[in-house]
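Please look over the sequence and the three-dimensional model shown below. The report that follows goes through single residues, a helix, backbone geometry and the surroundings of the ligand.

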Amino acid sequence: MGIAVGHGWQGAVLKLMRGKDFTFTVTGAEQVTEDYRRVHFTDGGLLAAAGVHPTMWVRIWFDNAGKPHQRAYTLVDPDVEAGTFSLEFALHDGVASHWARRCAPGDTVDATLQGTGFEAPDPAPARLLVVGDPASLPAVNSLLDALPDVPATIWFETQNASDEDLPFRLDPARHELRRVPRRDGGADLVARVKAELPALADPASYVWIACDTATTRTLATYARKELALPKERVHALGYWRAD
Ligand SMILES: Cc1cc2nc3c(=O)[nH]c(=O)nc-3n(C[C@H](O)[C@H](O)[C@H](O)COP(=O)(O)OP(=O)(O)OC[C@H]3O[C@@H](n4cnc5c(N)ncnc54)[C@H](O)[C@@H]3O)c2cc1C
């Protein structure tokens, strides 16, 4: 489903809803690759109450042996009228991943809406320069969908052989995917982006970075300080913490 681009996604309604809890119910799941699973949900009233915006994410409360364990996940194909969406889990050894592997129709999770938002780059960028990985693939797909006319270069860090078959929603006419196998805690990705970004980046472009927190911080600092790109043209958010 396409999401129209405009201003004011994080409007009054979302602000009022902040911190409000919703209960999502599993309706089904698909094993997309060996290491990537899509789970379908009904939304417990979330979408009608808060609307949708590109890269929208929720904080989900998983049970960790009786203790609450909160993790962020990105809405995939939110359908406001039907009150449904999916989540895509990049699987690894973690509580949220384990829950996703085992969940069955009828299972529920509680969620909190807090922190999500999206400011459309203004003016519209001449090019999107995106750095992501399997955890941020749902957000990358959503971002590209929200800016359908903008060409994009995507540096994508892969972790598994199966990442070849991940559900990228790319248009080969406008989107160029550059895969980088993860090595040395993200060092190869940092080196590759530093080598290739300068030729493409200028103040008319928009840089969007979401990978592990250390790599994200390094690349965001590089883009802002060394390339001197305007702050508002560089969006960066660490999506997971490597050990
Ligand atoms: C705004 C936002 C949106 C996000 N959207 C998504 C999404 O749509 N889909 C998605 O899969 N993830 C998404 N993430 C990332 C997800 O929240 C983290 O990966 C989270 O740590 C998973 O929790 P866990 O309980 O499975 O593992 P944790 O208990 O957090 O970690 C357990 C172990 O797994 C490792 N680990 C954690 N995440 C990863 C990973 N992605 N790859 C490899 N190793 C990892 C840790 O280093 C640790 O060793 C998002 C994060 C943010 C901030």
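Glu232 is placed in the loop that runs between helix H6 (213-226) and strand E11 (234-236), where helices (H or I, at least four residues) and strands (E, at least two) are DSSP runs numbered from the N terminus. With a relative accessible area of 58%, Glu232 is exposed, on a scale where buried means under 20% relative accessible area, exposed over 50% and partly exposed in between (1.4 Å probe, protein chains only). Val207 is 25 residues from Glu232 along the chain, and the C-alpha atoms of the two are separated by 9.4 Å.

The model is a predicted one, in which local features need pLDDT of at least 70 and side-chain atom pairs count only at pLDDT 80 or more, while totals for chains, interfaces and linings use all residues. Residues are numbered from 1 along each chain as its sequence is written, and side-chain values use heavy atoms, with hydrogens and water left out.

Gly115 belongs to the loop between strand E6 (108-112) and strand E7 (127-132), and its relative accessibility of 45% makes it partly exposed. Between Gly115 and His235 there are 14 Å from C-alpha to C-alpha, although the two are 120 residues apart in sequence. The loop between E6 and E7 also holds Pro123, which is joined to Asp122 by a cis peptide bond with omega at about 5°.

Most residues other than glycine have a negative phi, and most peptide bonds are trans. Thr55, in the loop between helix H2 (46-50) and strand E3 (57-64), has a positive phi, near 60°, and is buried at 7% relative accessible area. Asp77, in strand E4, likewise has a positive phi, near 50°, but counts as partly exposed at 33% relative accessibility.

Helix H4 (residues 137-146) is largely enclosed by the rest of the structure, because nine of its 10 residues are buried. Among the buried residues of H4 are Leu137, Asn141, Leu144 and Ala146. Thr33, found in strand E1 (residues 21-33), is also buried, at 7% relative accessibility, and its side chain makes a polar contact of 3.4 Å with that of Ser162. A polar contact is a pair of N or O atoms within 3.5 Å; within protein, one must be able to donate a hydrogen and the other to accept it, and residues adjacent in sequence count only if both atoms are side-chain atoms.

Of the 25 residues around the ligand, His69, Glu88, Ala90, Arg241 and Asp243 come nearest, a residue being near if one of its heavy atoms lies within 4 Å. The largest share of the shell, five residues, comes from E4.

| Residue | Protein atom | Ligand atom | Distance |
|---|---|---|---|
| His69 | side-chain N or O | oxygen | 2.6 Å |
| Ala72 | backbone N or O | oxygen | 2.8 Å |
| Glu88 | polar backbone atom | nitrogen | 2.8 Å |

Taken alone the ligand exposes 910 Å², of which the protein buries 86%, with accessible areas from the Shrake-Rupley method and a 1.4 Å probe, only the protein chains shown counting as cover for residues.
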